[in-house]
Amino acid sequence: QVQLVESGGGLVQAGDSLRLSCAASGRTFSSYTMGWFRQAPGKERDCVAAISWNGVTTYSADSVKGRFTISRDNAKNTVYLKMDSLKPEDTAVYYCAAGRGSFATSVARAYDYWGQGTQVTVSS
């Protein structure tokens, strides 16, 4: 089993930046593809970014391209989501996920482990 704990969420104003962190434990972190998903009230849980086990390949949703950057530090068992130019529509609970695939994917079913989520609220 892999345990994932997100942190770094909070309340910010539009245009501000925020950096989310996801700390992993329990299994070998470096072998997993990692993803960030978000869910706003009344919306589905959708992938915003993903990164392969070695960081070579990444995915980012069209809605966040150019604003969000996913990265990982395998030595620290941590994946990050740097969010710039935040918009009110970015408001959601953000979830970290780990999958056993070797490439980045936006498909939720490819992920086996999920964190508890961290709230990001962007005011206008």
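Q: Hi! Which residues in the largest nonpolar core touch the most other members?
A: Of its 29 residues, those are Leu4, Met34, Trp36, Val79, Leu81, Met83 and Tyr94. A nonpolar core here is a set of buried Ala, Val, Leu, Ile, Met, Phe, Trp, Tyr and Cys residues joined through side-chain atoms within 4.5 Å. Buried means under 20% relative accessible area, with exposed over 50% and partly exposed in between (1.4 Å probe, protein chains only). Keep in mind that this is a predicted model: local features need pLDDT of at least 70, side-chain atom pairs count only at pLDDT 80 or more, and totals for chains, interfaces and linings use all residues. Residues are numbered from 1 along each chain as its sequence is written, and side-chain values use heavy atoms, leaving out hydrogens and water.

Q: Which elements give two or more residues to this core?
A: Strands E3 (18-25), E4, E5, E7 (68-73), E8 (78-83), E9 (92-99) and E11 (118-123). Strands are DSSP runs of E, at least two residues, and helices are runs of H or I, at least four, numbered from the N terminus.

Q: What does Leu4 touch?
A: Leaving aside residues up to four places away in sequence, its partners include Cys22, Met34, Cys96, Tyr113 and Trp114. Contact means heavy atoms within 4.5 Å.

Q: How many disulfides does the structure hold?
A: There is 1, joining Cys22 to Cys96 with an S to S distance of 2.1 Å. The cut-off for a disulfide is a pair of cysteine sulfur atoms within 2.5 Å. The link of Cys22 and Cys96 is left-handed, with -80° about the S-S bond.

Q: What does that pair tie together?
A: Cys22 sits in strand E3 and Cys96 in strand E9, so the bond ties parts that are 74 residues apart in sequence. Both Cys22 and Cys96 are buried.

Q: And why is Cys47 too far for a bond?
A: Because its sulfur is 11 Å from the closest cysteine sulfur, which is in Cys96. Cys47 counts as buried, at 7% relative accessibility.

Q: Changing topic: which residues lie nearest the centre of the largest pocket?
A: Arg38, Ala40, Lys43, Glu44 and Asp46, out of 13 lining residues. A pocket is an open set of points on a 1 Å grid over the protein atoms alone, where a 1.4 Å probe fits, with protein on both sides within 12 Å along at least five of seven lines; lining residues have an atom within 4 Å of a point.

Q: Which strand gives the most to that lining?
A: E5, with 3 residues.
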